[in-house]
Amino acid sequence: MDNKDQPLTEELLARLLEASSPEAYLSDAQPDLEDRDLAAYASSLLEEHGIKRSQVIEASGLNPTYTYQIFQGTRRPGRDHAIMLAFGLRCTLREAQRLLRLAGTSELWSRKRRDAIIIYCLQHGMTRAACDDELWRLGEPTLLAVGA
């Protein structure tokens with residue numbers, strides 16, 4: 001099953017709340033439960049989007065060694081680095097939110113000004129550099145400056 005065919009968390013929650021027991025839910029939802037790690041998810045996005053790690057490094061603005069360590073599973077990025085990685089991987093908003101969860105950081109939240117700008121940029125297929133331009137223009141800390 002590729003990433004876009006997986007049910008939303010809200011759909012899984014509805015199934016859990018309707019289940020007769022935790023065991024019933026777990027046996028029914030097993031194929032949909034998240035069992036992969038960040039490195040595996042990032043690698044699957046590379047394949048799905050038809051891009052190379054070198055392109056991700058260039059587009060994200062992340063250090064090459066650090067980025068390779070994320071793909072190997074030996075480093076876990078902080079929130080801004082995970083967002084930069086999402087831009088490098090050309091993530092949709094949904095993919096970026098999953099990537100942030102797997103990185104162990106909070107998802108983007110539309111009630112926060114900076115997050116709202118980042119969400120807008122992801123939704124409109126903007127690059128990390130273009131997102132940084134928008135953040136700067138609107139008086140918010142850029143990803144590259146914070147993530148560096």
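**Entry: a glutamine inside**

I began with Gln 97, which is buried, with a relative accessible area of 12%. For the terms I noted that buried means under 20% relative accessible area, exposed means over 50%, and partly exposed is in between, with a 1.4 Å probe and protein chains only. This is a predicted model, where local features need pLDDT of at least 70 and side-chain atom pairs count only at pLDDT 80 or more, while totals for chains, interfaces and linings use all residues. Residues are numbered from 1 along each chain as its sequence is written, and side-chain values use heavy atoms, with hydrogens and water left out.

Gln 97 sits in helix α7. I wrote down that helices (H or I, at least four residues) and strands (E, at least two) are DSSP runs, numbered from the N terminus.

What does Gln 97 touch, not counting residues up to four places away in sequence? I found Glu 107 and Leu 108; a contact here means heavy atoms within 4.5 Å. A polar atom of the Gln 97 side chain lies 2.8 Å from the backbone nitrogen of Leu 108.

**Entry: the helix around it**

Next I asked why α7 can be called largely enclosed by the rest of the structure. The buried ones are Glu 95, Ala 96, Gln 97, Arg 98, Leu 99, Leu 100 and Leu 102. I then checked their neighbours: the buried residues of α7 pack against α3, α6 and α8. Just after α7, Gly 104 takes a positive phi of about 80°.

**Entry: the whole chain**

I stepped back to count elements and found ten helices and zero strands in the protein. Of the 148 residues, 42% are buried. Among contacts between residues at least 6 apart in sequence, 56% join residues at least 24 apart. Ala 40 belongs to helix α3 and is partly exposed, at a relative accessible area of 37%.

**Entry: the nonpolar core**

How many residues does the largest nonpolar core have? I noted 33, and those with the most contacts inside it are Leu 85, Phe 87, Leu 89, Leu 99, Ile 118 and Leu 143. At least two core residues come from each of α3 (38-49), α5 (64-72), α6 (79-88), α7 (93-102), α8 (113-123) and α9 (128-137). The most come from α6, which gives six. By definition, such a core is a set of buried Ala, Val, Leu, Ile, Met, Phe, Trp, Tyr and Cys residues joined through side-chain atoms within 4.5 Å.

Leaving out residues up to four places away in sequence, Ile 118 touches Ile 83, Phe 87, Leu 108, Cys 131, Leu 135 and Leu 143. Ile 118 is among the buried residues of α8, which also include Arg 114 and Asp 115. Just after α8, Gly 125 has a positive phi of about 65°.

**Entry: charged pairs**

I counted six salt bridges, each being a side-chain nitrogen of Lys or Arg within 4 Å of a carboxyl oxygen of Asp or Glu. In one of them, the side chains of Arg 79 and Asp 115 meet at 2.7 Å, N to O. This pair links distant parts of the chain, with Arg 79 in helix α6 and Asp 115 in helix α8, 36 residues apart. Arg 79 is buried at 18% relative accessible area, and Asp 115 is buried at 2%.

Arg 128 and Asp 132 form a salt bridge (2.6 Å, N to O). They are four residues apart in helix α9, so about one helical turn separates them, and both are buried. Glu 134 and Arg 137 also form a salt bridge (2.8 Å, N to O), and they lie three residues apart in α9, about one turn of the helix. Is Arg 137 buried or exposed? At 57% relative accessibility, Arg 137 counts as exposed.

Conventions. Polar contact = N/O pair within 3.5 Å; in protein donor to acceptor, adjacent residues only side chain to side chain.
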